[in-house]
Amino acid sequence: CLDEAQARSTLPKIHAVLRPGGLFMGNLPAFNAFAGIHDISVGIRKRYARREFMELVGPEQFEVVSMRYWPFFLSPLVFAARLSQRFRIRFDRNLEIESDIDLPPRSINQLLFRIVRFENAALEKKPWGSSLFFLIRKR
């Protein structure tokens with residue numbers, strides 16, 4: 001994931017390659033409370049809140065079409081797992097750092113998909129989630 005300086009230098013490049021009215025979709029890690037071993041293993045250096053993302057997206061260059069946190073209903077589980085990981089990182093000097101995200105068995109994956117699909121249909125705005133999904137349009 002891009003740190004803030006990289007994001008600031010990347011957005012103008014995205015703007016340059018999009019046609020007027022062109023769309024760019026992305027998904028950023030959200031909220032430091034959800035940081036854990038995965039962040040270290042894949043190089044996430046920054047987690048974003050809506051306000052921080054809005055500061056990056058120049059309103060003169062882009063219109064924010066959609067921006068939402070997700071997953072909301074699953075976020076307590078994600079938070080608990082990542083909190084546990086932060087304790088392990090702090091106290092276990094022999095901890096092996098590798099991503100904790102794997103493709104689950106099909107039945108679990110389908111359940112998780114249904115939960116996220118339901119929350120997207122039931123809740124237009126969510127106050128938090130471990131990711132920030134966005135869609136921006138070039139002005």
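Me: Helices are DSSP runs of H or I with at least four residues, strands are runs of E with at least two, and both are numbered from the N terminus. In which element is the place of Ser-131?

Reply: Ser-131 is placed in strand β3. The model is predicted, so local features need pLDDT of at least 70 and side-chain atom pairs count only at pLDDT 80 or more, while totals for chains, interfaces and linings use all residues. Residues are numbered from 1 along each chain as its sequence is written, and side-chain values use heavy atoms, with hydrogens and water left out.

Me: Why does Ser-131 count as buried?

Reply: Its relative accessibility is 13%, and buried means under 20% relative accessible area (exposed is over 50%, partly exposed in between; 1.4 Å probe, protein chains only). Ser-131 therefore counts as buried.

Me: What does Ser-131 touch?

Reply: Contact means heavy atoms within 4.5 Å. Not counting residues up to four places away in sequence, Ser-131 touches Asn-27, Leu-28, Pro-29, Ala-30, Arg-68, Tyr-69 and Trp-70.

Me: Why is the pair of Phe-73 and Phe-118 called stacked?

Reply: The ring centres of Phe-73 and Phe-118 are 6.1 Å apart and their planes are at 25°, so the pair is stacked. It links distant parts of the chain, with Phe-73 in the loop between β2 and α4 and Phe-118 in helix α5, 45 residues apart. Phe-73 is partly exposed at 36% relative accessibility, whereas Phe-118 is exposed, with a relative accessible area of 51%. Phe-73 and Phe-118 belong to one aromatic cluster with Phe-72 and Trp-128.

Me: What makes up the largest nonpolar core?

Reply: A nonpolar core is a set of buried Ala, Val, Leu, Ile, Met, Phe, Trp, Tyr and Cys residues joined through side-chain atoms within 4.5 Å. The largest has 17 residues, and those with the most contacts inside it are Leu-11, Phe-53, Phe-62, Leu-132 and Ile-136. At least two residues of this core come from each of α1, α3, β2 (62-70) and β3 (131-138). Leaving aside neighbours within four places in sequence, Phe-53 is in contact with Leu-28, Tyr-48, Met-67, Leu-132, Phe-134 and Ile-136.

Me: How much space lies in the largest pocket, and which residues are nearest its centre?

Reply: A pocket is an open set of points on a 1 Å grid over the protein atoms alone where a 1.4 Å probe fits, with protein on both sides within 12 Å along at least five of seven lines; lining residues have an atom within 4 Å of a point. About 780 Å³ of space lies in the largest pocket, counted as the space filled by probe spheres set on the points, which are joined across faces, edges and corners. Of its 25 lining residues, Pro-71, Val-78, Arg-82, Ile-101 and Ser-130 lie nearest the centre. Helix α5 gives the most to this lining, with five residues.

Conventions. Rings of Phe, Tyr and Trp (its six-membered ring) pair if their centres lie within 6.5 Å; planes under 30 degrees apart count as stacked, over 60 as edge-to-face and the rest as tilted.
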